[in-house]
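Visitor: I have a structure open and want to learn how to read it. Can you take me through it feature by feature?

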Amino acid sequence: MYSEDDLLPLSGLQHLAFCERRWALVHLEQQWQENLFTAEGKLLHEKAHSAEIESRPEVLVRRTLPLRSFRLGLSGQTDIVEFLPCVEGETGVSMPRRKGLWKPYPIEYKRTRDQHGSTAYRIQLCAQALCLEEMLLVPVPAGAVFDAKAKRREAVIFDQPLRQEVEDLAALMHGIRLSGTTPRATYAKKCEGCSMKSVCLPAVVESASASRYLTRAIEANLRQVSGPCASEDEER
């Protein structure tokens, strides 16, 4: 069990699921760079985080619900949680419905259909469910990711493999924090679309050494500068 002071941002799971170095740059070194995708995502979540309570027939909607899990060492907030009436057999309820018993159904907003992005959103959504289970002492078997572009929900079942992945990532996040060391960059195709590329410099760090990279860059620059001069000397 972690203490209040040990809790790390639940939102960091998305960074960590994408790249360990990205998480460390943001949460250890306090660096951040925006791009089109992160800016759009920020605006989308601002719309969801109105902190309003909405009530509809058979549904209670709670926005920006604070979350925490001392078991996982995480804290954060939801986009939306819909509370639905419990039915017979759920949480030990013997009647089809009983006033005051509701089951939480977390919903996470996303702006991209990217396959990896979808995985990261499912991980974050499952982490929210684990927090809700610990806080409310009720099972949260499923939730949904809302695709802002397609205007539709994708149901997510919180099965054991997904729950285990969240627990492993949470443990890894605390491990990196305790080490205080930013992981070395490993260049991959996904780096091209990362907002942290200009800070991370994966192509530089991925080189055998920074000095070798600089030597090659200097040599290439010298070839460009000396090329025309050499041609003029030959003509003379």
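Guide: Start with salt bridges. This is a predicted model. A search of the whole structure finds six salt bridges.

Visitor: Which residue forms a salt bridge with E134, and how far apart are the closest N and O atoms?

Guide: R68 does, with the closest N and O atoms 3.9 Å apart. This pair links distant parts of the chain. R68 sits in strand 4, E134 in helix 4 (residues 115–136), and 66 residues separate them.

Visitor: What do the side chains of E82 and R153 form?

Guide: They meet in a salt bridge, 2.5 Å from N to O. Again the pair links distant parts of the chain. E82 is in strand 6, R153 is in strand 9 (residues 152–157), and they are 71 residues apart. E82 is buried at 8% relative accessibility. R153 is partly exposed, with a relative accessible area of 43%.

Visitor: Which residues is E82 in contact with, leaving aside its neighbours within four places in sequence?

Guide: R56, V59, L60, V61, K103, P104, Y105, I107 and R153.

Visitor: And which residue forms a salt bridge with K197?

Guide: E192, with the closest N and O atoms 2.6 Å apart. K197 counts as partly exposed at 31% relative accessibility. E192 counts as partly exposed at 44%.

Visitor: On to strands. How many bridges join strand 3 to strand 6?

Guide: Read the partner, the direction and the faces in turn. Strand 3 (residues 59–63) and strand 6 (residues 80–85) run antiparallel and are joined by four bridges. Within the pair, R62 stands opposite V81.

Visitor: Which residues of strand 3 are on the covered face, and which on the uncovered one?

Guide: V59, V61 and R63 make up the covered face. L60 and R62 make up the uncovered face.

Visitor: What is the strand order in the open sheet of three strands?

Guide: The order is 1-5-4, with mixed pairing. Strand 1 (8–9) and strand 4 stand at the edges. Each has a single partner strand, so one side of each is left without a neighbour in the sheet. Strand 4 and strand 5 (residues 74–77) pair in the antiparallel sense over four bridges.

Visitor: Now the backbone. What should I look for in phi?

Guide: Most residues other than glycine have a negative phi. T64 lies in the loop between strand 3 and strand 4 (66–69). At 15% relative accessibility, T64 counts as buried.

Visitor: Where is L201 found?

Guide: In the loop between helix 6 (197–200) and helix 7 (202–206). Phi of L201 is near 50°, again positive in a residue other than glycine. L201 is partly exposed, with a relative accessible area of 42%.

Visitor: Helices next. Why is helix 2 said to be largely enclosed by the rest of the structure?

Guide: Count the buried residues. Helix 2 (residues 20–27) has six of its eight residues buried, so it is largely enclosed by the rest of the structure. The buried residues are R21, R22, W23, A24, L25 and V26. Take R22: it is buried with a relative accessible area of 11%. Its C-alpha lies 9.5 Å from that of G12, ten residues away along the chain.

Visitor: One last residue. Is M173 buried or exposed?

Guide: M173 is buried, with a relative accessible area of 0%. M173 is found in helix 5 (residues 160–179). Next, compare separation in sequence with separation in space. M173 and L8 are 165 residues apart in sequence, yet their C-alpha atoms are 8.2 Å apart. Not counting residues up to four places away in sequence, M173 touches L8, P9, G12, L13, L16, W23 and L74.

Key:
Residues numbered from 1 in each chain as written. Predicted model: local features only at pLDDT ≥ 70, side-chain atom pairs only at ≥ 80, totals over all residues. Heavy atoms only, no water. Buried < 20%, exposed > 50% of the residue type's maximum accessible area, 1.4 Å probe, protein only. Helix = DSSP H or I, 4+ residues; strand = E, 2+ residues; numbered from the N terminus. Pairing = 2+ DSSP bridges. Contact = heavy atoms within 4.5 Å. Salt bridge = Lys/Arg side-chain N within 4 Å of Asp/Glu carboxyl O.
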